[in-house]
There are 2 protein chains.
Amino acid sequence: MREALREAELAAAEGEVPVGAIAVKDGVVCARAHNLVEARHSVSAHAEFEVLRRLEAQLGDWRMTGYTLYVTKEPCMMCTGMLINARFSRIVFGLGDPAGGGCGGAVSLPEMPGILWHPEVTGNVLAEECSRVIRDFFARVRAREKK
Amino acid sequence: MREALREAELAAAEGEVPVGAIAVKDGVVCARAHNLVEARHSVSAHAEFEVLRRLEAQLGDWRMTGYTLYVTKEPCMMCTGMLINARFSRIVFGLGDPAGGGCGGAVSLPEMPGILWHPEVTGNVLAEECSRVIRDFFARVRAREKK
């Protein structure tokens, strides 16, 4: 998660909402990325999708079985749906998101009975650090807007 | 929906699971696309995401308020989450998907209480035609595999 936090800090430095993610398989970090929604003008540029793109480019495949996705904020419903579709084995997140989270915050998509793939989910890992980087970012944005 | 069905037929001709989508604003078709998962080796190449990419490139913005997305099969949870994030005003789908649909099939994400944007949803539009193009595709795949 500390590696994902480093990505979140890169996002903050670029003026993006600071969320970072990495993908790990067999103890090796295979891809790392951060939120790029502003840079790409795209809702699909969440950190999780950016990691997916890097992995898909490496593998030439869309199946991510055996991979764990670490992300500093609970994946939204779009990203959770993607992680299920892509068959990630495990999702580990930092700060929970009761308003929009798809891994137990607003809804728990991996626990839906009908779906064909159920990633294991672990939340609240280094949640305080993951929260602080987001709080600090918005505090700076507000301070700048007041000037 | 007939325009989206035409896109689904293009997908079938390319060996992709035949799902097609279009985006409409003020009665004008602004983008059209079909499923490209096989061609792109990407779970994020569902028809809905391909339409999103085209719209985002046109608009240089991620907000799709005022747009209706027509798609031949009920959007999965990933795509429904994206349509909510991107603030589409309305989702119209053909064939429902009880196993994986995010618009009332497996779960109804637009009706989740906590979320900030609630697109209007209409389902079962030309469902029989939308179903037939998928059934015919898999019948051809199975017939080919038997040879």
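This is a predicted model: local features need pLDDT of at least 70, side-chain atom pairs count only at pLDDT 80 or more; totals for chains, interfaces and linings use all residues.
Student: Which residues have the most contacts inside the largest nonpolar core?

Tutor: They are A:Met82, A:Phe88, B:Met82 and B:Phe88, in a core of 58 residues. The name means a set of buried Ala, Val, Leu, Ile, Met, Phe, Trp, Tyr and Cys residues joined through side-chain atoms within 4.5 Å, and buried means under 20% relative accessible area, with a 1.4 Å probe and protein chains only. Apart from it lies another core, of 12 residues, among them A:Leu109, B:Val107, B:Met112 and B:Ile115.

Student: Why is H1(A) called roughly parallel to H5(A)?

Tutor: Helix H1 (residues 2-13) and helix H5 (residues 127-146) of chain A pack at an angle of about 5°, with their axes 10 Å apart. Angles under 35 degrees count as roughly parallel, so H1(A) is roughly parallel to H5(A).

Student: What makes up their contact, by class?

Tutor: The contact of H1(A) with H5(A) has six nonpolar, no polar and four charged residues. Among them, A:Leu5 and A:Glu9 are in H1(A), and A:Phe137 and A:Arg140 are in H5(A); Leu and Phe count as nonpolar, Glu and Arg as charged.

Student: How do you know that S1(A) and S2(A) pair, and in which sense?

Tutor: Two strands pair if DSSP finds at least two bridges between them, and strand S1 (residues 20-25) and strand S2 (residues 28-34) of chain A have six, in the antiparallel sense. A:Gly20 stands opposite A:His34 in S2(A), and in the hairpin, which has two residues between the strands, A:Asp26 takes a positive phi near 50°.

Student: What makes S2 and S5 of chain B edge strands?

Tutor: Five strands of chain B form an open sheet in the order S2-S1-S3-S4-S5, with mixed pairing. Strands S2 (28-34) and S5 (120-122) each have a single partner strand, so one side of each is left without a neighbour in the sheet. Within this chain, five bridges join S3 (residues 68-73) to S4 (residues 90-95), which run parallel.

Terms used:
Residues are numbered from 1 along each chain as its sequence is written. Chains are lettered from A and ligands numbered from 1 in the order in which they are written. Side-chain values use heavy atoms; hydrogens and water are left out. Axes are lines fitted to C-alpha atoms, for helices over the stretch in contact, and angles run from 0 to 180 degrees between N-to-C directions. Helices (H or I, at least four residues) and strands (E, at least two) are DSSP runs, numbered from the N terminus. Angles under 35 degrees count as roughly parallel, over 145 as roughly antiparallel, 65 to 115 as roughly perpendicular and the rest as oblique. Contact means heavy atoms within 4.5 Å. Buried means under 20% relative accessible area, exposed over 50%, partly exposed in between (1.4 Å probe, protein chains only).
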